[in-house]
Amino acid sequence: MENNSRRGFMGKAFGAVAGVGAVGSLVAMKQTWDPLPSVKAAGFTNVDLTTVEANVLVVEKWRGKPIFILKKTPEMLAKQNDEQNARDIKVGEDSYLVCIGLCTHLGCIPAYASGEEKFKCACHGGEFDTSGIDILLPPPSPLPIPPFKIDGTTLVLGEEGEEYKKMKEAGVTV
Amino acid sequence: MAHFEKAKSIHDWLDQRLAIDKVNKVMQTEYWIPKNINFLWAMGMVLVITFMMLLVSGIFLLMYYQPNIATAFDSVNYTIMREVEFGWLWRHVHAVAASVVFLIIYIHMFTGIYYGSYKKGREMIWISGMLLFVAFSAEAFSGYMLPWGQMSYWAGMVITNLFSLGSLEMNGIVEWIRGDYVPAQAFLTRFFMLHVLLVPLAIMALIGIHFAALRIPHVNNQDGDEFDYDEESAKYLAGDTKGSKVIRFANDFLSKDLFVVAVYLIFFFYLVFWNYGFAMDPVNFDPADGLKTPAHIYPEWYFLWSYEILRPFSKDIGLMAFGFAQVIFVLLPFLDRSPNVAPANRRGPFAIWFWLMIVDLIALTAMGKLPPEGIFSTIGLYAAVTFIALWVALPFITMMEKKK
Ligand code: HEM
Ligand code: FES
């Protein structure tokens, strides 16, 4: 009996040591796969808006992701409803769509069909309007608006400006 | 200490230490195989040989491949394909084997389904087989990332995004898997590790388990007959080899297996030398570009059916249907409620189920390759719904089956 309880004690001692070790290794393994600090410290991207032409899609790169910039034509603006207006970024007289150009379904880059004035995703057939709002399945939500700041006629991506904060509060950035 | 005698020969010396005679009996000369089986039972051996070809060609590719996003593409498409003597051979063998292995796996799986080789003691063979299927899928996907072409990049983007689990928006998991916001260096190096070390190790372990699971129930046969292996093998050993229903695995059955392997290898090397194009996507001969999606993204042919189940639905429902398709085959031994082990065509309504399933999978595969538009989307939707409906119906169909 004495032997048994000794064996039981050794078994439990081993279990405790192994358990601590296992949890510790899992933490280390998990964190080894986390994005590196150099990756996280992604820079800012500046875009000069004066060179952007109406109904011609401009694609910039920010944190490795494509950013869509589309200047609206007066005809587009005339047709827009409130939901669409709320997503416009106004710089002087002009209105722009600025969004992350990755389909909210599974992340392909939708192509802009300037004739039809909509974005079409080739992967599974999803579509978005000129305000980045999803109009055909499977994408479940609009193209997200990245953090931005307006500095004169320059768009700074990665920094949260006044305009961005207002849009975020209104819940139109996602 | 155990007692050892002075050995009479090298064979005897080894036998005293490793019991090689006993092992040889258990694994080969007295591992009994039914006579009543056909060439479809050689597919397991064909898979072993194909896996060995993947391993050998992979080792040679590994000597020149560079897992770096700046150099990976050229190390494959220039160094291996143009500079290294016979580099093209290893690459073509590797690509063709990676594609053909799935064709054989599907034949092997559907042979098992047709003859009912997944129940009455054979459940673990089936489950370990499905785990092999999952491991091979992971191996194929991680290998597809390595040339770092357009299809590598965008397949990597789309497939890792699945792990955000739809509306749960778990983007943290996706970034954790990638080690970045988008597929980049960290992503390529870790998938390289998975492809050349961790997943192959898992596959080898699973093949061991698959074989161990076969040893006790033995392989099934063309009529689903259950017979007494002790009795039949005793008959064989007593000299009544004609009357016995079984033969030895080695060398008798092995010679049949290897004959089928030889026929297969002729077909295989015909593909390697003259028809390798199907195994390599032209779009992947453009280097990866994070700012340009290819006009039309589709996976390799063997993933098309499950991809098509994802496509016609809204994001969340699509993901659920896709998840369902990935796991449901594992549950086959438990969803089939009939005790009969017999070929499908002798099992009444199950025969219809079997052939409908095959036709449906072929339809899904075809639609997955076509652009997601108009009539193709509609057919795809019906085929996806049919797939789910067939699995829901299976327990009821098999419950009604008459006991044989
Ligand atoms: C590379 C992967 C695989 C290898 C190397 C392999 C190998 C083998 C071998 C050598 C046999 C015995 C001979 C035969 O009946 O063909 C066998 C039997 C079997 N395998 Fe696999 N297999 C693999 C994948 C799978 C998969 C994906 C499944 C499906 C879930 C599966 C299900 C079965 C079944 C049910 C049997 C028993 C057949 C019977 O009893 O008649 N295997 N496998
Ligand atoms: S990724 Fe755009 S529709 Fe699926």
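A polar contact is a pair of N or O atoms within 3.5 Å; within protein, one must be able to donate a hydrogen and the other to accept it, and residues adjacent in sequence count only if both atoms are side-chain atoms. The model is predicted, so local features need pLDDT of at least 70 and side-chain atom pairs pLDDT 80 or more, while totals for chains, interfaces and linings use all residues. Residues are numbered from 1 along each chain as its sequence is written, chains are lettered from A in the order in which they are written, and side-chain values use heavy atoms, without hydrogens and water.

Select chains A and B together. Their contact (heavy atoms within 4.5 Å) takes 29 residues from chain A and 31 residues from chain B. About 2,500 Å² is buried between them, 67% of it from carbon and sulfur atoms; this is the accessible area (1.4 Å probe) lost on putting the two together, summed over both.

Across the interface, five residue pairs are in polar contact (both at pLDDT 80 or more).

Finally, move to chain B and select helices α4 (residues 72-83) and α5 (residues 87-115), which pack at an angle of about 120° with axes 6 Å apart. Helices here are DSSP runs (H or I, at least four residues); axes are lines fitted to C-alpha atoms over the stretch in contact, and angles run from 0 to 180 degrees between N-to-C directions. Val76(B), Asn77(B), Ile80(B) and Met81(B) of α4(B) meet Gly87(B), Trp88(B), Arg91(B) and His92(B) of α5(B).

Notes. Helices (H or I, at least four residues) and strands (E, at least two) are DSSP runs, numbered from the N terminus.
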